[in-house]
Amino acid sequence: MWLLVLLVWFLLWAGGTYWYLFGKPSPFSLESVRPPGPLELDQKKRSKILKQGFRKEKVPENLDAIVIGSGIGGMTAAATLAKLGKRVLVLEQHDQAGGCCHTFTEKGFEFDVGLHYIGQLHENSLFKVIMDQITEGQLQFVELDKHFDTLVIGSGEKIRKYTIYSGKTEMEEHLKAQFPDDTKAVEEFFKIMKISASKTHLLAALKLIPQWMALFLLKSGIADLCSSIFRLVGTNATALANSLTSNKDLQLIFNYFFYGVPPKQSSSVINALLLHHYKRGAYYPKGGASEIPFHITKVIQKYGGRVLVRAPVNRVLVDNNGAAYGVTVKKDQEDVEVRAPVIISNCGVFNTFQKLLPTHIQTKPEIQKRVNMMRPGRGCLLVFSGFDATQEELGINSTNTWLFKSNDMDAMMDEFFSMGKDEAPDNIPMMHFTFPSAKDPTSKIRHPGKSCMTMLIIVNYEWFEEWKDTPARKRGDDYLAYKMRFAKNLFEWACSQFPKLRDKLVFQEVSTPLSNAHYLGSHLGAMCSADQNLERFQAEAIVRNRCDTPVKNLFLSGQDVFSCGIAGALHGGLLCASTMLKQIVYIDLMMLKKKLKRKKTRGTDEHVKKLL
Ligand SMILES: Cc1cc2nc3c(=O)[nH]c(=O)nc-3n(C[C@H](O)[C@H](O)[C@H](O)COP(=O)(O)OP(=O)(O)OC[C@H]3O[C@@H](n4cnc5c(N)ncnc54)[C@H](O)[C@@H]3O)c2cc1C
Ligand SMILES: *[C@@H]1O[C@H](CO)[C@@H](O)[C@H](O)[C@H]1NC(C)=O
Ligand SMILES: *[C@@H]1O[C@H](CO)[C@@H](O)[C@H](O)[C@H]1NC(C)=O
C-alpha cells in the first residue's frame, strides 16, 4: 500500500517536473527567423517605429504585461512574452526607444551611447540564437578586425603597447607571445575564463530555483562540491591577478575593461567573463546600435504589442493586497493610468523601489533589504567628436584603444575618485576610445565623408551634482566650461595616438552623469545602474537579488538582475520572462539550438552528397 502511494507520488512529481520543464509551448522557433531584409535608411520610416509618442488611445486593449523602460533587457522580456502570444506594452521616458542602445544624430554625425562592441555572436552561440529570435533574423552584426583592442600603458619613454586579438586559440597565443616570461599565468587565467564561462548558468540558476533551495545548496556546501564557480565569483579580481603573476602590466590586462569599481572590489568571474566575451570575436550591429530596438519593436508589434516613448512612468499602482496592477504615465502634467496584470520594471532597482512604488511600500523592511543589497554605480563622461574626413584620411580603424597612465588600476582609481571637483579634469588616469563610423561598413553610405569618435571615462556624480536641477541643454556656461576641461584633456590624449584627428575636428559634445540621468533615466547618472561590486556578486547575494519582488505581480528585468553589458541585461530580460511565466525559457533555447545544429549537419550532409 505505502509503496503504491510512494510510486504514485513519484510519478506525479516526475510528470509535474517534466511538464514544468518541457511541457509548455516554446516562444522560440526555427520558422520565425527570416533572411534579413534591406537596411531601412529612411529616417521618417525609422522614426515611425522608434519614436511613437504615448497617447492613451494607442494603448492596446486587454494588456497582458507592461514593461517600464525600453533598454535591451525590457525589450527582450517583452519580445519573449509577445512570441508566446502575450500583448505587451513597453513604456519609455525618452523620446525614442532603446535605452543604452539608442543613437542620436547631430550635424550629420551619428553616435551610439552605450554600445561600443559586443561578443559571443559567432554562429549558433546562445547569444546569437536569442538575438535572432527576438529580431526574427533581421539584425545583422559585423565582426571587427581580429585585433579588436589596443592597450597603451604608461607615458613618456616608458610607454608600452599591447594588442588583444580574438580567436578561439589566437587570443591566448597572442597574449603569451607578448608575455613570454608569463605563459603559465596566461594559461591559468584562460582556464579560469573557461570555468567562468561554462559555469555561469549555475549562477543564473540560483535565481530560477526556489530561494530556500538555492540558499540550502550554498549554505550546506553542496554547491561548492558541484563547482568552484560559487566561491570564485566572490573572490576579488586583484587577489586572482596577484596569485597568477607579479607582472603588473599583465595584471592590468586581466582587468582592463573598466566599469566603475577597481579590480580589488570586482568579482574575478565578472572580469574573466568580460575578456572571454570577445574571445570568439568582437562585433558591432550593422547599421548602428539603434537597429536593435528598431527590429525588436517590430516583433513586439507583430504580436499586438506596442512600444511607446515620451512615456515616463511615475508610479507603479499597488492594490490593498500588495499586488501591482498598473502604472501611471505622466502626460502633459496629468497622470494617465494604464492597467495590466503583470508589471516588469527594466529601469533599475533604485528607480523601481525608491521612486515608483507608493511610499508606504517603499519603507517596508523587505523592500529596504532588496535596495540595501546594492549601491548606485559610478557615472560616466563621454566625449562625442565629429570629423569632416574619411577613415583613410584620419588613419583610424575599427580597433578600440584603452589608455592607462600606470599599470596599477586599484591605486589609479582610488586616487582619481577621491579627488575634488577642480582637480579631476586635469588628472584623468585612464580612458577608452572608439570610432563608431569605422566599425560599421554602412556608415560610409549613411554618413559619407564623415567620421566619428567616442571617448569614455568613469567619473563621480558629485563633481556634477551642483547642476542637477538645471534644465538639460541649458545648464549654464560654468557647466559647459567644466565639462569641456575634461574633453580638452581627453582629446589631447587621444591625439597622441592618432595625430591626424586634431585638424579635422568639427564637432564636439560632452555627456555627463546628468545627461545619463536625463536621457537614460539612470539613477544618479550611473553608467551601469547598480554598482558592479564584489558584494553584489557573492553567491548568496546572487540568490537574493531575483526577478520577483516583495510586490506581487511586479518583476525586475535588465542589468540589475544579473550583470551589466548588452548580454548581461539581455539575460536579465530572459531570467525575468522565465520567472514571470514559470517556464525556464533557456530550456526552449537549448532545444532550438540543438535543432539548428541538426539542421546544419543535415545541410552539410546534403552538400557532401551533391559533391559526390
Ligand atoms: C557609455 C557606455 C558604454 C557601454 N558600452 C558597452 C559595450 O561596449 N558593450 C556592452 O555589452 N555593454 C556596454 N554598455 C552597457 C550596456 O549598454 C548596458 O548594461 C545595457 O544596455 C543596459 O540595458 P538595460 O535594458 O538594463 O537598461 P537601459 O538600456 O538603461 O534601459 C533602461 C530604460 O528605462 C528607461 N526608463 C528609466 N526610468 C523610466 C521611467 N520612469 N519610465 C519609463 N522609462 C524609464 C530609460 O530611459 C531607459 O531607456 C555600455 C554602457 C554605457 C553607459
Ligand atoms: C588600426 O590602427 C592602429 C594604429 O595605426 C594599428 O596599430 C592597428 O593595427 C590597426 N588595426 C587594424 C585592424 O588595422
Ligand atoms: C581581496 O582578496 C584577498 C584574498 O582573499 C584579500 O586578502 C584582500 O583583502 C581582498 N581585497 C579587498 C579590497 O577586499
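Modeller: A polar side-chain atom of Q93 sits 2.9 Å from an oxygen atom of ligand 1. That is a polar contact (a pair of N or O atoms within 3.5 Å; within protein, one must be able to donate a hydrogen and the other to accept it, and residues adjacent in sequence count only if both atoms are side-chain atoms). This is a predicted model, in which local features need pLDDT of at least 70 and side-chain atom pairs count only at pLDDT 80 or more, while totals for chains, interfaces and linings use all residues. Residues are numbered from 1 along each chain as its sequence is written, chains are lettered from A and ligands numbered from 1 in the order in which they are written, and side-chain values use heavy atoms, with hydrogens and water left out.

Biologist: Which backbone atoms lie by an oxygen atom of ligand 1, and how much of ligand 1 does the protein cover?

Modeller: A polar backbone atom of C100 is 2.9 Å from an oxygen atom of ligand 1, and one of G565 is 2.8 Å from an oxygen atom of the ligand. On its own, ligand 1 has 1,000 Å² of accessible area, and the protein covers 93% of it. Such areas come from the Shrake-Rupley method with a 1.4 Å probe; for residues, only the protein chains shown count as cover.

Biologist: Which elements give two or more residues to the shell around ligand 1?

Modeller: They are α3 (72-82) and α25 (566-581). Helices (H or I, at least four residues) and strands (E, at least two) are DSSP runs, numbered from the N terminus. In α3, eleven of eleven residues are buried, where buried means under 20% relative accessible area, exposed over 50%, and partly exposed in between (1.4 Å probe, protein chains only).

Biologist: Which residues come nearest to ligand 1, and how does its shell divide?

Modeller: A residue is near a molecule if one of its heavy atoms lies within 4 Å of it. There are 33 residues around ligand 1, and E92, G114, H116, Q559 and G565 come nearest. The shell has 19 nonpolar residues, 13 polar and one charged. Here Ala, Val, Leu, Ile, Met, Phe, Trp, Tyr, Cys and Pro count as nonpolar, Asp, Glu, Lys and Arg as charged, and the others, Gly among them, as polar.

Biologist: How is the chain divided, and how many residues of each domain are in contact with the other?

Modeller: Domain bounds come from an automatic or database domain assignment. Domain 1 is 49-139 + 286-373 + 545-601, and domain 2 is 145-280 + 376-524. Their C-alpha centres lie 25 Å apart. Contact (heavy atoms within 4.5 Å) joins 40 residues of domain 1 to 49 residues of domain 2. Each domain gives at least three residues to the shell around ligand 1.

Biologist: What surrounds ligand 2?

Modeller: D145, H147, N397 and T399 do.

Biologist: Buried or exposed: which is H94, and which is S243?

Modeller: H94 is buried, because its relative accessible area is 11%. S243 counts as exposed, because its relative accessibility is 54%. H94 is in the loop between β2 (88-91) and β3 (103-106), while S243 is in helix α10 (residues 237-244).
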